[in-house]
Amino acid sequence: MQMDTDTLNHRLTELGVRGVDAYCAKLVANAGNPDVLGDLRSEAAAAMMFTTAGFTVDMRDRPDLWLTGFGQSFAAEVKHFRYKSQDSVDDVALRNHGDYLVEFGDTRLTEGYAAWDQVANVARRKVAQFTGRVPYLLVIQSSSLHCIDDLVVRTAANILDEEISADAHAPLSALSGIVFLSRELRIPDAKNVYFFGLPASQNPLLPFVHDALKRMRRWSH
């Protein structure tokens with residue numbers, strides 16, 4: 001169940017997140033637009049997750065989050081993948097599969113290109129706006145259970161890392177890694193947060209930061 005704006009304000013403030021008043025003002029301003037509200041709430045989910053992992057979090061406009069901890073400061077942009085039309089198609093197919101295997105999550109059928117390419121394109125677009133000389137993360141939260149999952153994001157991270165390896169001076173080389181927040185809890189390790197580092201990045205994370213991100217396991221809806 002999603003928290004209302006007052007409860008979310010209290011929770012973020014209680015955790016020591018900075019910039020909460022300006023963030024909640026955006027929630028109020030977009031109260032009539034559920035799609036935008038969902039996108040904004042992804043920023044809050046990421047902020048709370050990073051705070052509970054030991055980072056100091058400042059919510060901003062660009063970048064969405066400024067993080068400090070374990071001897072390093074870095075930036076993060078948050079992207080929410082909304083529920084897709086392909087998810088609806090897949091829901092029907094999975095309910096009516098009978099005794100047959102069902103292919104699902106193929107966004108090429110409805111959107112023209114693969115889900116991992118969508119993730120990679122978001123990273124390219126976001127990083128082009130980033131001019132800092134500090135590490136930069138893309139945080140993805142997915143409401144598309146069938147199309148955008150940890151395996152898709154891992155594939156996108158590998159594609160991006162190969163691109164950086166091929167051109168270390170490209171703007172994409174600023175990207176240090178991707179954090180993925182899934183709505184599905186993986187059993188048996190009770191995990192729904194995944195960090196995929198980009199070893200070829202020209203803005204590397206310190207080892208302690210890298211390890212802290214790898215240790216993150218849970219976020220709350």
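**Reading rings, charges and buried side chains**

Modeller: One aromatic cluster is formed by Phe50, Phe55, Phe70 and Phe74. The model is predicted: local features need pLDDT of at least 70, side-chain atom pairs count only at pLDDT 80 or more, and totals for chains, interfaces and linings use all residues. Residues are numbered from 1 along each chain as its sequence is written, and side-chain values use heavy atoms, with hydrogens and water left out.

Colleague: What describes a pair of aromatic rings?

Modeller: Two values do: the distance of the centres and the angle of the planes. Rings of Phe, Tyr and Trp (its six-membered ring) pair if their centres lie within 6.5 Å; planes under 30 degrees apart are stacked, over 60 edge-to-face, the rest tilted. The structure has five aromatic pairs.

Colleague: Is Phe55 buried or exposed?

Modeller: Buried means under 20% relative accessible area, exposed over 50%, partly exposed in between (1.4 Å probe, protein chains only). Phe55 has 3%, so Phe55 is buried. Phe70 is partly exposed, because its value is 34%.

Colleague: Where does the charged end of Lys191 sit?

Modeller: A charge sits over a ring if NZ of Lys or CZ of Arg is within 6 Å of the ring centre and within 35 degrees of the ring normal. Lys191 has its charged end over the ring of Tyr194, 5.3 Å from the centre. Lys79 lies over the face of Phe81, with 5.3 Å to the ring centre.

Colleague: What does the side chain of Asn203 reach?

Modeller: A polar contact is a pair of N or O atoms within 3.5 Å; within protein, one must be able to donate a hydrogen and the other to accept it, and residues adjacent in sequence count only if both atoms are side-chain atoms. The Asn203 side chain reaches the backbone oxygen of Val134 at 2.8 Å. Asn203 sits in the loop between strand E6 (191-197) and helix H8 (207-215). Asn203 is buried, because its relative accessibility is 12%. Contact means heavy atoms within 4.5 Å. Beyond its neighbours within four places in sequence, Asn203 touches residues including Phe130, Arg133, Pro135 and Ser173.

Colleague: Where is Tyr136 found?

Modeller: In strand E4 (residues 136-142). Tyr136 is at 1% relative accessibility, so Tyr136 counts as buried. A polar atom of its side chain lies 3.4 Å from the backbone oxygen of Lys126. Tyr136 and Glu77 are 59 residues apart along the chain, yet their C-alpha atoms are separated by 7.9 Å. Leaving aside neighbours within four places in sequence, Tyr136 is in contact with Glu77, Phe130 and Ala174, among others.

Colleague: In the protein, where is confidence lowest, and where highest?

Modeller: pLDDT is the predictor's confidence in each residue, from 0 to 100. Helix H4 (residues 85-95) is lowest, at a mean of 55. E1 is highest, at 98. The mean for the protein is 86, and 86% of its residues reach 70 or more.

Colleague: How many helices and strands does the protein have?

Modeller: Eight helices and six strands. Of its 221 residues, 47% are buried.

Conventions:
Helix = DSSP H or I, 4+ residues; strand = E, 2+ residues; numbered from the N terminus.
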